[in-house]
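Trainee: Please take a close look at the charged pairs in this model. Then set them in the context of the chain around them.

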Amino acid sequence: MPSSRPACAQAYPYPHSFFMPIRLTTLDQLIANNTWEEATPYYRVLIVWGGEGTLYINNQPHEISRGSVFLCDSLPYLKIQQKSLSPLRGIQIEYQCLTSNGSKPYGLTCSSPLHRCPAGTLRLASELESMWREPQLSEPFRVQQLFIELLTELHNEQAARKEQTLSWLDQALLYIETHYHKDLTREQLADIANISPEHFSRMFRKHTGRTFNAHLTLLRIRSAQRSILSGAPPDLNTLAQEVGYKEGSYLSRRFKELTGLSPTAYQQKTKRIVALNFNHTASLMALGIIPDLGVYTPWLENTQSSKTIHIDQKLNPYEHTPSAYYKVIAAARPDVIISYSKAKENKSLLPLAPVLELPHMTMNWREQFRLIADMVGRRHKAEDRLAEYDELLGQINQKLDHELGNRGTAIVWEIGPKSAYCFSSNYGRGCQILYDDIGFRPPSQLLDQGIAFRGYIEAEIESIASYPADHIFITDLPSYPSGQQRINRLFRSRKWANLEAVRHNRVYLLNQPEMFYGYDPISSQAQLKELLKALT
């Protein structure tokens, strides 16, 4: 018998849930007001983006630091202690949950803090805190939007961590990734996992969307493509044995089945390139190539505006969900994708094209530039560009020898709304020039704190004066009023005034973050000229 209820009024099996932020409080306010013991009727999100301390959940201690997140309802009794030398910075958000049918709602909870949450999650939380503190009439829904994006990120992070426990399937995938060049069979992997081959096949396809053989072929052909992209003419028999096949003719057949081209045709083809990083986009532009999809900054576009270039496709890596990110890259139909080796999305992009992964912090910008030039067959152009840079560098060093003599120590600060960061040459920001090219040294204090290993040091804005150097460069200043007030207090402090660099007028407020963020030929040459202008 048909239902008398109209189709639009049919009940759904699960109610819709809605989440509304009610109160946002910074950690220092909570600690100062001693409000941690107060009961609250709302769900809570605690996010730490700096410092170290201990969070007591029902009197059970949990160490927390940058990247720690705790999610709970109104029940746990919370208390926090911070370490005096590293005060905690972050926020607590209280939010209300509602459902469409009035049933009991459920917010996000976890039994213990999540640690090392992605930097993107912390940036979202920081932007939410800024918008909460300084609401914009022109963007009345921005706080709500940021809060939902933050909850979505935290929900996805929780789900990902549950899947990250190394199950037999995870171990099998890892084994295939590291042994694809050897003889591998489904039966071997099933035996290692101690399950039947049939169950292995079913679960493997359900998890990856591919059969075991298709996945193995994908890894082998992508490896062959990366070898071809290195610029060397492919010896098919040698290449076949490197990736796990016995002879070149079989590799060629498999290669064409997956890519539609023979290995030789793939090498000779003008390739469609996707660059997932601003530095790699700039390296391509220095070679006279505009990627089919690339990441840009306004500064990079402006520096190239006088040249006859036309940029069609731009990618903002921060404005897409993972699925939308994949679709945008797929729409560019890439033949090769350039990314840093630690990017977590690289594996998921393998069905689209080989991912040329450039090591982060272990390969300098010159080596990265040459590798990209080999990939596109423009090594001579890269060497000409580097020779031009070295000629300019030689002239500048002669000038600095005459005007400065011994270079001494230098430190570079990038000051954000909450913290200040200084860097090693592996992170750029002009340090690759100061330390590697024109003879300055990092202060011994930075070396003692292991900056060469970590690549950067995070510090309180007020503590910048605790890092003396002969020359102090500041490439970025806070744009929000609260950060501006903190930097102004620093500049008025006695400790700052007593620094040798301040007394000898060797503090350089460059405040050009987009230029100094770059770690590529175009940015490095611009940084070199800007540093010379400041020093002379």
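Mentor: A salt bridge here is a side-chain nitrogen of Lys or Arg within 4 Å of a carboxyl oxygen of Asp or Glu. This is a predicted model, so local features need pLDDT of at least 70 and side-chain atom pairs count only at pLDDT 80 or more, while totals for chains, interfaces and linings use all residues. Residues are numbered from 1 along each chain as its sequence is written, and side-chain values use heavy atoms, with hydrogens and water left out.

The chain has 23 helices and 16 strands. These are DSSP runs, numbered from the N terminus: helices are H or I with at least four residues, strands are E with at least two. The C-alpha atoms fill a box of roughly 75 × 70 × 45 Å along the principal axes. Of the 536 residues, 45% are buried. Buried means under 20% relative accessible area, exposed over 50%, and partly exposed in between, with a 1.4 Å probe and protein chains only. The accessible surface comes to about 27,900 Å², and carbon and sulfur atoms hold 50% of that surface. Such areas come from the Shrake-Rupley method with a 1.4 Å probe; for residues, only the protein chains shown count as cover.

Now the charged pairs. Side chains of opposite charge can pair when their charged atoms come close. The whole structure holds 26 salt bridges. In one of them, arginine 89 meets glutamate 460 at 2.9 Å, N to O. This pair spans distant parts of the chain, 371 residues apart: arginine 89 sits in strand 7, glutamate 460 in strand 14 (residues 456–460). Arginine 89 counts as buried because its relative accessibility is 12%.

Another pair is glutamate 134 with arginine 133, at 3.6 Å from N to O. Glutamate 134 has 22% relative accessibility, so it counts as partly exposed. Arginine 133, at 32%, is also partly exposed.

Then take arginine 272 and aspartate 292, whose closest N and O atoms are 3.3 Å apart in a salt bridge. Arginine 272 is in the loop between helix 10 (263–268) and strand 8 (273–275), and aspartate 292 is in the loop between helix 11 (278–286) and strand 9 (293–294), so the bridge ties together parts 20 residues apart in sequence. Arginine 272 is partly exposed, at 24% relative accessible area. Aspartate 292 is partly exposed as well, at 24%. Shared partners also join salt bridges into one network of Arg66, Arg89, Glu458, Glu460, Glu462, Arg486 and Arg489.

Next, the surroundings. Contact means heavy atoms within 4.5 Å. Among contacts with a separation of 6 or more, 68% link residues 24 or more positions apart.

Cysteine 422 lies in strand 13 (residues 419–423). Its relative accessible area is 0%, which makes it buried. Beyond four places in sequence, cysteine 422 touches Ile411, Val412, Trp413, Leu446, Ile451, Gly455, Tyr456 and Ile457. Leucine 55 belongs to strand 3 (residues 52–57). Leucine 55 is buried too, at 0%. Outside four places in sequence, its contacts include Leu46, Phe70, Ile80 and Pro113.

Helix 15 (residues 379–403) packs against helix 23 (residues 521–535) at about 10°, with axes 11 Å apart. The axes are lines fitted to C-alpha atoms over the stretch in contact, and angles run from 0 to 180 degrees between N-to-C directions.

Finally, two arginines in loops. Arginine 116 has a positive phi of about 55° though it is not a glycine. It lies between strand 7 and helix 2 (119–133). At 76% relative accessible area, arginine 116 is exposed. Arginine 333 also has a positive phi, near 50°. Its loop runs between helix 13 (322–331) and strand 10 (336–340). Arginine 333 is exposed, at 54%.
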